[in-house]
Amino acid sequence: MRPSTGPEPAVCPCAVADDLVLIVSELVTHAVLHAKGPYAPTVNLEPGRADIAVGDGSPELSECRSDGGTRRTGPGGRGLKIVRAPGADFFVGRSSSVKQVVAVLTWQAG
């Protein structure tokens, strides 16, 4: 008899994993380019669902930053389209001292 190790880990299909990596990369890159740290990326994986959140040390939305942080001067502005392309929902939550950007990606669990 084998000891119980708890619930089975959540698994996502390879194509979903590729989308998940792209979304995490885009959200972290956006935070580094447009907000001050500290940065706190988290991923919660459940059957049929991934919640990707990136917190940063700025309560301001990127176009409202007043601390002189790095801003893209060339081509850009595709981040939200990249996050939403695989069907992810997108949310932003703010408090007086931090902001959290969240993408939720769902798929048919099998």
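The E and H labels are strands and helices, which are DSSP runs (E, at least two residues, for strands; H or I, at least four, for helices), numbered from the N terminus. What you are looking at is a predicted model, in which local features need pLDDT of at least 70 and side-chain atom pairs count only at pLDDT 80 or more, while totals for chains, interfaces and linings use all residues. Residues are numbered from 1 along each chain as its sequence is written, and side-chain values use heavy atoms, with hydrogens and water left out.

Back to Ser97. Is it buried, exposed or partly exposed? At 44% relative accessibility, Ser97 counts as partly exposed. Buried means under 20% relative accessible area, exposed means over 50%, and partly exposed is in between, with a 1.4 Å probe and protein chains only. Setting aside residues up to four places away in sequence, Ser97 touches Gly57, Ser58 and Pro59. Touching, or contact, means heavy atoms within 4.5 Å. Ser97 and Asp56 are 41 residues apart along the chain, and their C-alpha atoms are separated by 9.1 Å.

Now the whole chain. There are 2 helices and 4 strands, and along the sequence they follow the pattern α-β-β-α-β-β. Of the 110 residues in the chain, 27% are buried. Take the contacts between residues at least 6 apart in sequence: 61% of them join residues at least 24 apart. The chain exposes about 7,300 Å², and carbon and sulfur atoms supply 57% of that. That area comes from the Shrake-Rupley method with a 1.4 Å probe; for residues, only the protein chains shown count as cover.

Next, the sheet. In what order do its strands lie? The sheet is open, has 4 strands in the order E1-E2-E4-E3, and its pairing is antiparallel. Two strands pair if DSSP finds at least two bridges between them. E1 and E3 are at the edges with a single partner strand each, so one side of each has no neighbour in the sheet. On average, neighbouring strands of this sheet are turned by 15 degrees against each other, direction ignored. As a general point, strands of a sheet pair through backbone hydrogen bonds, either parallel or antiparallel.

Let us go through the pairs. E1 and E2 run antiparallel and are joined by 7 bridges, with Glu46 opposite Arg49 in E2. These two strands form a hairpin with 2 residues between them, and Gly48 in the turn has a positive phi of about 80 degrees. E2 and E4 also run antiparallel, joined by 8 bridges; Val54 has Val101 in E4 as its bridge partner. E3 and E4 pair in the antiparallel sense over 6 bridges, and a hairpin of 4 residues joins them. In that pair, Phe91 stands opposite Val102 in E4.

How many residues of E2 are buried? The count is 7 of the 8 residues, so E2 is largely enclosed by the rest of the structure.

On E1, look at Ala40. Ala40 is partly exposed, with a relative accessible area of 41%. Leaving aside neighbours within four places in sequence, Ala40 is in contact with Ala53, Val54 and Gly55. Ala40 and Val28 are 12 residues apart in sequence and 8.8 Å apart in space, C-alpha to C-alpha. In the loop between H1 and E1 you will find Pro38, and the peptide bond from Gly37 to Pro38 is cis, with omega near 5 degrees.

Last, helix H1. It covers residues 14–34, which is 21 residues, and reaches 30 Å from its first C-alpha to its last, close to the 30 Å expected at 1.5 Å a residue. The expected span is 1.5 Å times one less than the number of residues. Which residues of H1 are buried? They are Val16, Leu20, Ile23, Glu26, Leu27, Ala31 and His34. Seen down the axis of H1, these fall within an arc of 130 degrees, so they line one face of the helix; the arc is that of the directions from the helix axis to the C-beta atoms. On the other side of H1, Cys14, Asp18 and Val21 are exposed. What covers the buried residues of H1 includes strands E1 (40–46), E2 (49–56), E3 (89–94) and E4 (99–106), and helix H2 (79–84).

Conventions:
Axes fitted to C-alpha atoms, helices over the stretch in contact; angles between N-to-C directions.
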